[in-house]
Amino acid sequence: MQLTRYTDFGIRILMYLAVQPERENLFRIAEVTSVFDLSSNHVAKIVHQLGRLGYLHTIRGKSGGFKLAKTASELNLGQLVRDLEHSLAPIDCESPYCRFTPICKLRGVLAQAVSAYLAVLDQYTLADIVANKDDLLASLPDLSISVLQLD
């Protein structure tokens, strides 16, 4: 099973926020796009959805931005993947239609595999995957100069 880029980037954004030291300023789209070299339109869509889903607290406008709405230990990876992935079906038997569909056992086997995949993710939170916070922070570029230019 492979996650979509959308979900991958959503997880990265949440990880980025979770490893940051406490700060008064909200995070900005431009900051995330410069860290991960992503399209600002793509990041804006992800941040918007993460806000709608309750993972981020977002504030619109010139002095707006976003931050985690919950602690990292409250954000379950399995639920996050379920919320961000459009479909967890590993195959599409309908397009083009497969003649085996009415009698095929593969769909059942793959459904079991997806359940096992999600069961593993359900065991972890965002806090678990950012437990090496210092190493993750050290791998990020120094944005102190460029972030000042974004404000």
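Trainee: Is Arg 82 buried, exposed or partly exposed?

Mentor: Let's begin with the terms: buried means under 20% relative accessible area, exposed over 50%, and partly exposed in between, using a 1.4 Å probe and protein chains only. Arg 82 has a relative accessible area of 32%, so Arg 82 is partly exposed. Please keep in mind that this is a predicted model, where local features need pLDDT of at least 70, side-chain atom pairs count only at pLDDT 80 or more, and totals for chains, interfaces and linings use all residues. Residues are numbered from 1 along each chain as its sequence is written, and side-chain values use heavy atoms, with hydrogens and water left out.

Trainee: Which residue does Arg 82 meet in a salt bridge?

Mentor: Here is the general idea. Side chains of opposite charge can pair when their charged atoms come close. The rule for a salt bridge is a side-chain nitrogen of Lys or Arg within 4 Å of a carboxyl oxygen of Asp or Glu. Arg 82 meets Asp 122 in this way, at 2.7 Å from N to O. Arg 82 belongs to helix α4, while Asp 122 sits in the loop between α5 and α6 (126-129), so this pair ties together parts that are 40 residues apart in sequence. Asp 122 is partly exposed too, at 33%.

Trainee: How are helices defined and numbered?

Mentor: Helices (H or I, at least four residues) and strands (E, at least two) are DSSP runs, numbered from the N terminus.

Trainee: How many salt bridges does the count come to?

Mentor: The count is three. In one of them, Arg 12 pairs with Asp 8, and their closest N and O atoms are 2.8 Å apart. Both residues lie in helix α1, four residues apart, or about one turn of the helix. Arg 12 is partly exposed at 31%, and Asp 8 is partly exposed at 26%. Glu 31 and Arg 23 also form a salt bridge, with 2.7 Å between the closest N and O atoms. Here Glu 31 is buried at 3%, whereas Arg 23 is partly exposed at 33%.

Trainee: Which residues touch the most other members of the largest nonpolar core?

Mentor: A nonpolar core is a set of buried Ala, Val, Leu, Ile, Met, Phe, Trp, Tyr and Cys residues joined through side-chain atoms within 4.5 Å. The largest one has 32 residues, and Ile 13, Leu 50, Phe 66 and Leu 80 touch the most other members. Two or more residues come from each of α1 (5-19), α2 (29-36), α3 (40-52), α4 (77-84) and α5 (106-121). Helix α1 gives the most, with nine residues.

Trainee: What is Phe 66 in contact with?

Mentor: Contact means heavy atoms within 4.5 Å. Leaving aside neighbours within four places in sequence, the contacts of Phe 66 include Ile 13, Leu 17, Val 32 and Val 47.

Trainee: Which side chain does Thr 7 join through a polar contact?

Mentor: A polar contact is a pair of N or O atoms within 3.5 Å; within protein, one must be able to donate a hydrogen and the other to accept it, and residues adjacent in sequence count only if both atoms are side-chain atoms. The side chains of Thr 7 and Glu 85 are joined by one of 2.5 Å. Thr 7 lies in helix α1 and is buried, at 0% relative accessibility.

Trainee: How many disulfides are there?

Mentor: A disulfide is a pair of cysteine sulfur atoms within 2.5 Å, and the count here is zero. For Cys 98, the nearest cysteine sulfur is that of Cys 93, 6.1 Å away.
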